[in-house]
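Work through the exercises below with the sequence and the model in view, and try each task before reading its solution.

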Amino acid sequence: MTKSYANIYSYNQILIVNADNVGSSQMQGIRKGLRGDSVVLMGKNTMMKRSVRIHAKSTGNDAFLNLIPLLVGNVGLIFTKSDLKEIKEEVAKYKVGAPARVGLVAPVDVIVPPGNTGLDPSQTSFFQVLNIPTKINRGTVEIITPVELIKKGDKVGSSEAALLSKLGIRPFSYGLVVISVYDNGSVFSPEVLDLTDEDLVEKFAAGVAMMTTLSLAISYPTLAAAPHMIVNGYKNVLCVSLETEYTYPQAQQVKEYLKDPSKFAVAIASVAESTATSQGIVETEEIKKEEEAESEEDDAMFGLFDD
């Protein structure tokens, strides 16, 4: 309890990790890899909960009580002062392959790939029991098509475990898995650490668009909806002006275009012509600058020969 109590005082960032099927040597490697700015703490949940309560009571910081509901099952705490995403990625590096043992719940789908197994033909009946299509090729058993042997969430049976052992397949990998993140009183999912700036901008834009749509639907002005409301209001005024004799300068110009569409075409042509002219002027100035630079280089070269 003393160690966990001291860590709570020293660190404001904590990763809550699940340690199912993690061996002692694997845990030792993780501790060594995180040594420096991070501390891995494994202990009894009751003792860790008690330490959290004592700390919250002595400091008056009730935010730490958010850790208590997370201390369930085979969990541990990683106290850190480093970037949380970097620590999460570092922990993920220490996953190791493991065989499929009888009775284990499969964390992933297990698919046996097609190809030569290297087993002799006497093993054919073993594959038939598991409904795996095979053929004999050059004196060995060959699997014809990919076979989904175990589905995620199913328990590993004795036949499946024996087959994977014969084929030398270690389908599972185990390590510390981050299940929750505590950061200065806030608790959130570890998926948040994988968000990039682009993801945040995209989600923010989607939220603004949703708020704008709602504001326009209920005619409630907001900062995001105000430009659209102004434009829609102007369109309404313009429509009234076009249908009546009431007019104003902008509406009068639209009325003239509606009476004689050729004026609109002339206006577009003049704008296009002015744009092309301005582009031509810019290109001419760039060509002149390039010619002046080339002439300066030539003068410099001839100057060397004159000396």
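**Exercise 1. Find which residues ring pairs link into a cluster, and describe the pair of Y234 and Y248.**

Step 1. In this predicted model, ring pairs link Y234, Y246 and Y248 into a cluster, where rings of Phe, Tyr and Trp (its six-membered ring) pair if their centres lie within 6.5 Å, with planes under 30 degrees apart counted as stacked, over 60 as edge-to-face and the rest as tilted. Residues are numbered from 1 along each chain as its sequence is written, and side-chain values use heavy atoms, with hydrogens and water left out. Because the model is predicted, local features need pLDDT of at least 70 and side-chain atom pairs count only at pLDDT 80 or more, whereas totals for chains, interfaces and linings use all residues.

Step 2. The structure holds 5 aromatic pairs, and one of them is formed by Y11 and F79, a tilted pair with 5.9 Å centre to centre and 45° between the planes. Y11 lies in the loop between α1 (2-10) and β1 (13-18) while F79 lies in strand β3 (residues 75-80), so this pair ties together parts that are 68 residues apart in sequence; helices (H or I, at least four residues) and strands (E, at least two) are DSSP runs, numbered from the N terminus.

Step 3. Y234 and Y248 form an edge-to-face pair, with 6.5 Å centre to centre and 70° between the planes. Since Y234 belongs to helix α8 (residues 226-243) and Y248 to the loop between α8 and α9 (249-259), the parts tied together are 14 residues apart in sequence.

**Exercise 2. Decide whether Y11, F79, Y234 and Y248 are buried or partly exposed, and say what lies over the face of Y11.**

Step 1. Buried means under 20% relative accessible area, exposed over 50% and partly exposed in between (1.4 Å probe, protein chains only).

Step 2. Y11 has a relative accessible area of 10% and is buried, and F79 is buried as well, at 1%. Y248 is buried at 15%, whereas Y234 is partly exposed at 39%.

Step 3. Over the face of Y11 lies K81, at 5.3 Å from the ring centre; a charge sits over a ring if NZ of Lys or CZ of Arg is within 6 Å of the ring centre and within 35 degrees of the ring normal.

**Exercise 3. Work out how many salt bridges the structure holds and where K88 and D194 lie.**

Step 1. The structure holds 2 salt bridges, each being a side-chain nitrogen of Lys or Arg within 4 Å of a carboxyl oxygen of Asp or Glu.

Step 2. K88 forms a salt bridge with D194, with the closest N and O atoms 3.5 Å apart. K88 lies in helix α4 (residues 84-92) and D194 in the loop between β12 and α7, so the pair ties together parts that are 106 residues apart in sequence. D194 is partly exposed, with a relative accessible area of 36%.

Step 3. K93 forms a salt bridge with E90, and here the closest N and O atoms are 3.3 Å apart. K93 is exposed, at 60% relative accessible area, while E90 is partly exposed, at 21%.
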